[in-house]
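Q: I would like to go through a protein structure step by step. Could we begin once it is on the screen?
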Amino acid sequence: MDLKRLHYFNVLAETANFTRAADQLGIAQSALSISIQKLEQQLGLKLINRSDRQMSLTSDGQVLLRHTRQILENVEQAEKELQERKGLESGVITFGVPAMLGSYYLPDALALFKQTYPGIQINIHEAGTATLEKMLLDGQLDLALIRSDRSHDQIRHVTLAKEQIVACVRRDHPFASEGKVTLEAFCRQPLVLFRNGYFLRESVSRYCQQHKITPDLRFETNLIELLKSLVRKNIGISTCLPIIVRDEPDLVTVPFDPPIPLHLGLGWKSSHYLSSAAQALVKFLQAELQAELPIPS
């Protein structure tokens, strides 16, 4: 089978529309239609339901799509591995990072990495940890900064740091003088939180669901500075990592009782070839971040 036709077929399946697929591929719609027809003729199978308002795959098309994606992924991995013969003078890494962690943990380390390996390009993709794990499994990312305290049989990882999720409150809030707070007490307060899918929201959402609590959620945002500003203005309290408010005189962190641990690590799909460039980034961030944030023994 022709790889180009398989690529066209994969894009068509993703977009479910000949016009959009042709635009994405940069070819004429007629050329796409002919390519798909030739693929069907070659296989002697009908792959596309063309009578539907929105194009859909036949059952044979679904089977081919599963194999097509595996084939294209294998080809991509082969190309990456062959590129390794050029050494670390060049390379591209797609790196997934939660916005908050990227803002506080990575700028200095990535700047040093770029100075050390100026020929390596890092493309950053920001999303919540749940989304990043899915993107890793879908082959959209080489590496991602994820929670490493949860095992996944398709993702390998190395732990970079061990932190705790804590409550973030104004310095004059009653919790500030108590030294610790339970999730029960926290969830009964007015809250400003990250959106669902982000690790700073997970424990609160899970606790509220388990205990049938309807939280007084005043604001949702993934913008860290806005979230801190809302806490300062007494709109509500939030969750965070201690590093976020380290230099904030008006805000304090209060540990949860029992503690809510968070292990941060670099993850990659276990079946993927990890390029020399990506391996270099893993080793570099391990050295830099573990020196700055030593992992307790």
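This is a predicted model: local features need pLDDT of at least 70, side-chain atom pairs count only at pLDDT 80 or more; totals for chains, interfaces and linings use all residues.

Q: How much space lies in the largest pocket?
A: The space in the largest pocket is about 530 Å³.

Q: And which residues are closest to its centre?
A: The lining of the largest pocket consists of 15 residues, and Asn10, Glu14, Arg69, Glu73 and Asp138 are the closest to the centre.

Q: Which elements give two or more residues to that lining?
A: They are α1 (3–15) and α4 (59–83). The most comes from α4, which gives 6 residues.

Q: What is the lining like by class?
A: It has 7 charged, 5 polar and 3 nonpolar residues.

Q: Changing topic to helix α3: what span should it have, and how far apart are its end C-alpha atoms?
A: Helix α3 covers residues 29–43, which is 15 residues. At 1.5 Å a residue it should span 21 Å, and its end C-alpha atoms are 21 Å apart, so the two values agree.

Q: Which residues of α3 are buried?
A: Leu32, Ser35, Ile36, Leu39 and Glu40 are the buried residues of α3.

Q: Where do they fall, seen down the axis?
A: The buried residues of α3 fall within an arc of 135°, so they line one face of the helix.

Q: What about the other side of α3?
A: There, Ser30 and Gln41 are exposed.

Q: Which residue follows α3?
A: Gly44 follows α3, and the phi of Gly44 is positive, near 70°.

Key. Residues are numbered from 1 along each chain as its sequence is written. Side-chain values use heavy atoms; hydrogens and water are left out. On a 1 Å grid over the protein atoms alone, a cavity is a set of points where a 1.4 Å probe fits but cannot get out, and a pocket is an open set with protein on both sides within 12 Å along at least five of seven lines; lining residues have an atom within 4 Å of a point. Grid points are joined across faces, edges and corners, and a volume is the space filled by probe spheres set on the points. Helices (H or I, at least four residues) and strands (E, at least two) are DSSP runs, numbered from the N terminus. Ala, Val, Leu, Ile, Met, Phe, Trp, Tyr, Cys and Pro count as nonpolar, Asp, Glu, Lys and Arg as charged, and the others, Gly among them, as polar. The expected span of a helix is 1.5 Å times one less than its number of residues. Buried means under 20% relative accessible area, exposed over 50%, partly exposed in between (1.4 Å probe, protein chains only). The arc is that of the directions from the helix axis to the C-beta atoms.
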